[in-house]
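Student: I would like to learn how to read a helix and a nonpolar core in a model such as this one. Could we go through the features in turn?

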Amino acid sequence: MAFSADHWAFIFGVLGNIVSFIVFLSPLPTFYTIYKKKTAEGYQSIPYVVALFSSMLWIYYAFLKTNTTLLITINTFGVFIETIYVVFYLIYAPKKSRVQTIKMLSLFVVGGFGAIILVTQFLFKGVIRGQVVGWICLIFSLCVFVAPLGIVRKVIKTKSVEYMPLLLSVFLTLSAVMWFFYGLLLKDINIAAPNILGFIFGILQMILYVIYSKKEKAILKEQKLPEIQKGEVIVKDENMNADKKFPELTQEQIIDIVRLGLMVCKDKVHVATCPHGTTCEPKVDENEPKLQTVEV
């Protein structure tokens, strides 16, 4: 039985829900760390505020369109989970970060979203209203997908992929693919178009990860100190029946021993004290063994 465009749209919508669900849960390790440290210092709240605002926009757009139930389901979960993240952040954030987060919430969620609803409800009607909201969602989604360029720049600059997890990049790319085909099959450019950019940036991040992770491993391998292999020499003692192993001396150790021997021999020199407190020429004990020159 051949599948129609609506059936394929439903399949890609379900897959998009599954992948986006995983993406929404990806910050959980971060918030677990915040919970253990009992502080959100060093972390930023703007990704979660922006994600909350984006989910609210897409829900509003989906209610103005038809056959977009799967868009409503995933973004409803997005609003729910992002709200929990923001509240959790506010609980553990320092005072300055807490104030900044409240300002962003007022700007995006209250002011921005409220203004969009008022303007579109009173100035536009019918299909035009859906188109205007769709273009707003499109522009905002493009801005969200451009945001990872800062991470890409940091990876290139530091030559380290520490701040760009591969797994998250993979899921974001898969999410962009699913939602692109979902929008394409529904013939909705506002859903499909932003995900083209999301797919391109996702592929770019994975390529950079492969390149710089190999370079990072190579640098670490070069910087790794070589293991010191200790040689062994067997010295046979006439008074012992078994062979006894001693560690082999290095060149530096031999030089140190020679220098120590010179110092000991110099201490053997006797200094004669002359009358009236004057020091006479030193007299060397002829019975002392002469030090032989050792070439290393």
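Student: How far does α3 reach from its first C-alpha to its last?

Tutor: The expected span of a helix is 1.5 Å times one less than its number of residues, and helices are DSSP runs (H or I, at least four residues) numbered from the N terminus. Here α3, with 19 residues, reaches 27 Å, close to the 27 Å expected. This is a predicted model, in which local features need pLDDT of at least 70 and side-chain atom pairs count only at pLDDT 80 or more, while totals for chains, interfaces and linings use all residues. Residues are numbered from 1 along each chain as its sequence is written, and side-chain values use heavy atoms, with hydrogens and water left out.

Student: Is α3 mostly covered or uncovered?

Tutor: Buried means under 20% relative accessible area (1.4 Å probe, protein chains only), and 14 of the 19 residues of α3 are buried.

Student: Which residues have the most contacts inside the largest nonpolar core?

Tutor: A nonpolar core is a set of buried Ala, Val, Leu, Ile, Met, Phe, Trp, Tyr and Cys residues joined through side-chain atoms within 4.5 Å. The largest one has 39 residues, and those with the most contacts inside it are L57, Y61, L71, L105 and Y182. Among the elements that give two or more residues to this core are α4 (69–92) and α8 (166–185), while its largest share, 11 residues, comes from α3.

Student: What does Y61 touch?

Tutor: Counting contact as heavy atoms within 4.5 Å, and leaving out residues up to four places away in sequence, Y61 touches partners including L71, G130, C137 and I191.

Technical notes:
Buried < 20%, exposed > 50% of the residue type's maximum accessible area, 1.4 Å probe, protein only.
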